[in-house]
Structures are given as C-alpha cells and as structure tokens.
Amino acid sequence: MLFNSLEFIFLFLPISLVLFFSLGMLGYHKAALFILIAVSFFFYSWWNPAYLGLLLFSIVFNYAMGLALYKCSAPAHHSNQKRLLIAGIGVNLALLGYFKYANFFVETVNGLLATNFNLNQVILPLAISFFTFQQIAYLVDVYRDTAKKYSFFDYSLFVGFFPQLIAGPIVHHDQLIPQFNNPKVSQFNARNMAIGLTIFCLGLGKKVLIADSISVYATPVFEMASQGTSTTFVAAWIAAFAYSLQLYFDFSGYSDMAIGIARMFNIKLPLNFYSPYKAKNISDFWRRWHITLSGFLRDYLYIPLGGSRMGIVRRNINLMVTMLLGGLWHGAGWTFVFWGGLHGAYLVIHRQWQSLLNSLGYKPQNQGWSTQLLSRSITFLAVVVGWVFFRADSMRAAISILKGMVGANGLSLPYVLADQLAFLQSWSVTFEGLVPEIAISFPPFITIFMAAFAIIWFAPNIYQWMEQYTPAADLASLTTTNTNKPIRPMNRWFQWRPIQLFSLLVGVLAFMTVKTLLEAPQSEFLYFNF
C-alpha cells in the first residue's frame, strides 16, 4: 500500500485515525496504541504477508538481545556484553546481507571467476534496510548505556510505526517511545491534524505533480543507455537533471508525507530533508539530504572508526569507508558502491580545501554573493554527476550517460539549422532535433523544469513555511548553517497558519493531486528500492 494510493488516502488512513482517536477519547490509551501496532503490521503485510514474519522475528530477536545486553551491563560482564553486541549486530547484518546482497555476491563471483553458481532469485523484503539500521542503533545504545529498558509493547510500536517503517526517517527509540507513552498522544488535536494534513498534502503534491511528471524525461534515456545506445549531449544533460529533480521531489515528498501522517497521530518525527540543493558545499549537502541516515552513519560508523580524532590521513580513510558503506546500503550494485566512493572523495576534497583556506586565514562567513553562487553551483553539479551512477543500471550505462554529458557522443541540433550550420557535421554534429532519443514537447517540459528549479533554489521549504508550529522534532538544529548564521525566517505574513486562506490553497493542491491520481497509474517511491 503506497502513501500515494487511493486506498491509503481514503480508506486505510482515515479508518486508522478514527479507531485510534475513538479509543483515546474513551480513555483507553493503551488500547489505542495497540490499534496503532495492529494497523502498522497490516500496512506492512499488504505487500507480502510472508515478510511480516521476518519483521516480527527481527523485532523479537532484537528486543531479546537488548534484554540480554541489559543483564550483562555490570562491569564484570563487560566482555560478555561486547560479545552479545557483536552477535546481535552480526545476525542483523546476516539477514540484511542475505536478502539484499546474496544475488549481488553470486553475480560478482561468477563475473570474476567465470563460474556459474546459481541462486534462486531472492526478493528484497520491503524496508529491511531501514528497520535493520534502526534496531542496530538500539542495540548499540543499550551497550553504551544510553537506552532505557522498554516494554516489548513499546519496542514493537517503535519499530513498526507505519509512517516511518518503509523508507524512514531512521528514528531513535528515545525520539518515539516517550511520545507514545504520553496519554495526550491518543487525544484528538485539531491543530496537529491541520499541520499533519498540510504537510501530507504538500508532500503528496511533490510526488504526484512534480516527481512523476519529470520521470518521463529521465527514464527513456537511462533505459537506452542500459541497452548500449549512446546518448547525445542535450539528452544526457536533460536525463541527468530530470533524475536529480525526480529523486529530490520523490524522496522529499515521501519524507514530508511520513512526517505529516505521524503528526496526525500527534507524533513528531525527526526532519529528514532540508533543501539539500541549496547546499553551499558537499558537507552541507549531507547535513540536508537523508538527514537521519547521515546521522546514523556519523554516530554508529564514522565516529567509532575514529572520526577526525586520529589525524588527517585516518580521517580521510574513515570518510571513504563510511561513504562506501553508505553507498552499498542504498543498493546491491557496483554503481551504488561507486556513488558512495565518489561522495567520499568529494568530502575528502572539501575537507582538504577547507584546511587550505583556514591556513590562509580565509573566513567562510566573508563570502560574497558571487562566491556563494559559485560554491552552490559546483556542489549541485557534483551531486548531479553522482546521481548518474545512482540511477544507471550498470557502470557501462553510467559512463555512456557521462560521455554524452561531455559531448563525446556528439551533439544534435534542430533540423531548421541544417543548412546554415552544415559545416559542423565534421565535428560530430547532427541535425535530428535537440533530443532525437525521445519525443519531447518543449512547452510543458520547460514549464515543469522551470517550476521545479524555482522551488528547489528559491522557494522556502515546508519546514521554513511552518516553522512557528515546529513541524518536525529537531527543526532547530537545521536553522543554522555551518557558519552559525541563522537561516533568515520568512516574513510572518507569508508563514503558514491554520486559517481559511491556507486551508483553501492546500485544498486546491489536494484536489489537483487526487485528480491526477485518478487519471495516472500509481508509482512507487524511489527509496522503496533501498
């Protein structure tokens, strides 16, 4: 069941809310939470009931392992506790490795050794990457003595809470469980419902009206590249930009919808997305893109490896290892590994550049507008190049797209210029139209691209628009940049308020979105593949 499906919007979500708040209003707080667990497990089993057993096993195993870690918390049993932690993480990674990487491993071995090992196709269970990382973090926190002892009921709800179960945000136990235990959470709150509905509708609009509309300009070109067909200069850039925009609005839309749904249940989820294409450097990008995954990799991988405490060389190695594993987490393929390594290289270069500037006495806060524009443009283009590997089916396809982007596959110009510019044919220029690979109607193409770029670069994001109502749990940490300058708040007149004007605007957007859903097939969120 997709967040952007009609059965979810008009059946599952309303019924779940009515059941939850009906029991809460009658004073049955625990019963309301039980209903929330039940609908969450039903939601997960909708795709494949068989994999509900895997989720339940993971919950039971990790909760039991957490209890065992608590029992060994005394200093005298520290070595046993460490062995238990390693075993617990090992089982989680083994499950993730089998379901997500077994086919990739066998294919890699066959390719390297010219063997013919055969493994029946292992189907990736939905959300296994997310709930595995979430529970590994819990086990590590128990080992570090930073996690409270929870009931099995609370722990199950923490892992299974359906708004964040499928594709994040990756939530810590101490962010959710105290909220569930507050009796007020099962009491209907009109303001939270208005905030949640607004965020949900805006996220749904991003997905349906923008991401799905832009995908038609990316998918055909990448499919051609995967089949070995070369792509020309303009087509390659259109595909790269289109996928960058599609992924932005798809993942941003999902993150908004998850936060909005949770807020309808009076729960605040952590922020996961904060205008990443406005980033002025690659470190700033990773503070804004998939924020909860970045935090997990920092706290549970990069810092335990030594972080930046062991010298420049070791810091750079730690960055590369962290990003390589982060790339592999996203998908079982060498394109994802390369994408992670590329971002690791970006981060290393950025750190070295910062060190050089610091040694020269340069202060980042003294940047003029032209320098900031250059920094943002370089960062954005670097990210776009990375997304080519993220999207391509193979390294060969990615390289084909990149060759097109640098003009190595030639340039095609409009037919009407053939007579005037015929001399350019000796420079690998053809006259078959700007984008001979796919049919593009330029008025709608230009309109949606201009609108998308205007939103990502110039418009305030949802969380700035609604900032005075704290739409996300940790918004305050994102309201400053790495130069400690506060992000300028919006004019109060333009900020969202629960009044008729904004209700009307959101209602019109919701109507347009539902109308589009009735006319077009549903599409999965891109991060469901990870």
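Aspartate 250 and lysine 207 are both buried, where buried means under 20% relative accessible area, exposed over 50% and partly exposed in between, with a 1.4 Å probe and protein chains only. Please keep in mind that this is a predicted model, in which local features need pLDDT of at least 70 and side-chain atom pairs count only at pLDDT 80 or more, while totals for chains, interfaces and linings use all residues. Residues are numbered from 1 along each chain as its sequence is written, and side-chain values use heavy atoms, with hydrogens and water left out.

The side chains of aspartate 250 and lysine 207 meet in a salt bridge, at 2.6 Å from N to O, the term meaning a side-chain nitrogen of Lys or Arg within 4 Å of a carboxyl oxygen of Asp or Glu. Because aspartate 250 lies in helix α10 (residues 233-264) and lysine 207 in helix α9 (residues 190-226), the pair ties together parts that are 43 residues apart in sequence; helices here are DSSP runs of H or I with at least four residues, numbered from the N terminus. Lys207 and Asp250 also belong, with Asp212, to a network of salt bridges.

Glutamate 519 and lysine 515 meet at 2.8 Å, N to O, and, being 4 residues apart in helix α19 (residues 500-519), they are separated by about one helical turn. Glutamate 519 counts as exposed at 60% relative accessibility, whereas lysine 515, at 41%, counts as partly exposed.

Finally, aspartate 393 forms a salt bridge with arginine 391, their closest N and O atoms being 3.9 Å apart. Here aspartate 393 is exposed at 56% relative accessibility, but arginine 391 is buried at 17%.

Terms used:
Helix = DSSP H or I, 4+ residues; strand = E, 2+ residues; numbered from the N terminus.
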